[in-house]
Amino acid sequence: MVHSASKFLSGHGASLAGVVVDGGNFDWARYPEKFPQFSTPIGGPSSPTLTEKFGNKAYLEYTRTIIAGRLGPTLSPLNAFLLQQGLETLSLRVDRHSRNSLAIATWLESQPEVTSVDYPGLASNPSHAIATKYYPRGTGSVFGFTLAGGQADARTIIDSLELFSRMSHMGDVRSLVLHPGTTSHAHLSADERYRLGIYDGLVRLSVGIEDEADLIADLELAFTKLRASRAGGAGHVAATDHAADEFYSVPEPGADDVLAVSSTVAGSPALTARFSA
């Protein structure tokens, strides 16, 4: 298992860290075409492979000797301290994350502008039965909902939210919102995004631990503004077609959001052309 410790474990996005857990029970030698790094001789044609030398622990040894050797095996003391502090409240935070998310997903499902809410905690979700079986105490806090009006509606909603922050991070104590089609998945073609279910109207939420009523009130205000903009007809275009860098700017980035921020630098001609089209 490879896990980003910058997300839920810390809860604040102030540390960049990862965790690798390997039980040593997987037969890596069985799939040499999938894992050539383990079936290639370590030091040349006559040397053994990692699977020959370490068996089912090949992945663990590869991580220790190759990955950690190149990128560094340990956290700084400050990052370790921050992660340890976050772990102390993990169970409390996840409980609140899940409770808030179910309430928000239920509310979103009742909005006429929303065509789908992809949250397994909803009874209407195809994965609801298996989700509640394996996650009986809550089904997480990161999910998406799709707006019928496509990117224009997504722009209006995200512009109108005040409590949700625009951020590519997730698992934070703060509620975050993102438009995947023009940020995290912008490098894909339109056909590729549609095959993955990344529609123009898809909005991703990472629900935080704020007061449940406050979060829904923030969404209610955004949807009220969306309906007003639709009623205004041409005024909707004028109100939402402002500079792309303002809409897609990402304030207060977490430690692992540098790549996402660099892709939304204001003034990029390519991004401006795409977003304003």
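Me: Which side chain does R174 meet in a salt bridge?
Reply: The side chain of R174 meets that of D172, with 2.9 Å from N to O. A salt bridge here is a side-chain nitrogen of Lys or Arg within 4 Å of a carboxyl oxygen of Asp or Glu. Before we go on, please keep in mind that this is a predicted model, in which local features need pLDDT of at least 70 and side-chain atom pairs count only at pLDDT 80 or more, while totals for chains, interfaces and linings use all residues. Residues are numbered from 1 along each chain as its sequence is written, and side-chain values use heavy atoms, with hydrogens and water left out.

Me: And is D172 buried or exposed?
Reply: D172 counts as buried, at 2% relative accessibility, whereas R174 is partly exposed at 36%. Buried means under 20% relative accessible area, exposed means over 50%, and partly exposed lies in between, using a 1.4 Å probe and protein chains only.

Me: How many salt bridges are there by this rule?
Reply: The count comes to five. Among them is the one between R230 and D153, where the closest N and O atoms are 2.4 Å apart. That pair links distant parts of the chain, since R230 is in helix 9 (residues 212–231) and D153 is in helix 7 (residues 150–160), 77 residues apart. Helices (H or I, at least four residues) and strands (E, at least two) are DSSP runs, numbered from the N terminus. R230 is partly exposed, with a relative accessible area of 39%, and D153 is buried, with 3%.

Me: Which residue pairs with R166?
Reply: R166 forms a salt bridge with D159, at 2.8 Å from N to O. In this pair R166 is the buried residue, with a relative accessible area of 19%, while D159 is partly exposed at 26%.

Me: OK, sheets next. What is the strand order in the open sheet of five strands?
Reply: The order is 3-4-7-6-5, with mixed pairing. Two strands pair if DSSP finds at least two bridges between them. Strand 3 (114–118) and strand 5 (165–166) stand at the edges, and each has a single partner strand, so one side of each is left without a neighbour in the sheet.

Me: How many bridges join strand 3 to strand 4?
Reply: Four bridges join them, and the two strands run antiparallel, with strand 4 covering residues 142–147. Within this pairing, V117 stands opposite F145 in strand 4.

Me: What about strand 7, which strands does it pair with?
Reply: Strand 4 is joined to strand 7 by five bridges, in the antiparallel sense, and T146 stands opposite L202 there. Strand 6 also pairs with strand 7 in the antiparallel sense, over three bridges, and the bridge partner of L176 in strand 7 is S206.

Me: How many residues of strand 7 are buried?
Reply: Five of its five residues are buried, so strand 7 is mostly covered. L202, R204 and S206 point one way from the strand, and V203 and L205 point the other way.

Me: Which strands does helix 5 lie across?
Reply: Helix 5 lies across strand 3, strand 4 and strand 7 (202–206), running at about 10° to strand 4. Helix 7 also packs on the sheet, touching strand 4, strand 5, strand 6 (176–178) and strand 7, and its direction makes about 125° with that of strand 4. For these angles, axes are lines fitted to C-alpha atoms, for helices over the stretch in contact, and angles run from 0 to 180 degrees between N-to-C directions.

Me: Where does H97 lie?
Reply: H97 lies in helix 5 (residues 90–109) and is buried, with a relative accessible area of 1%. Not counting residues up to four places away in sequence, H97 touches several residues, including F8, G140, D172 and G208, where contact means heavy atoms within 4.5 Å. H97 and G208 are 111 residues apart in sequence, but 5.6 Å apart in space, C-alpha to C-alpha.

Me: Last one, the whole chain: how many helices and strands does it have?
Reply: The secondary structure of the protein chain comes to 13 helices and seven strands. Of its 277 residues, 39% are buried.
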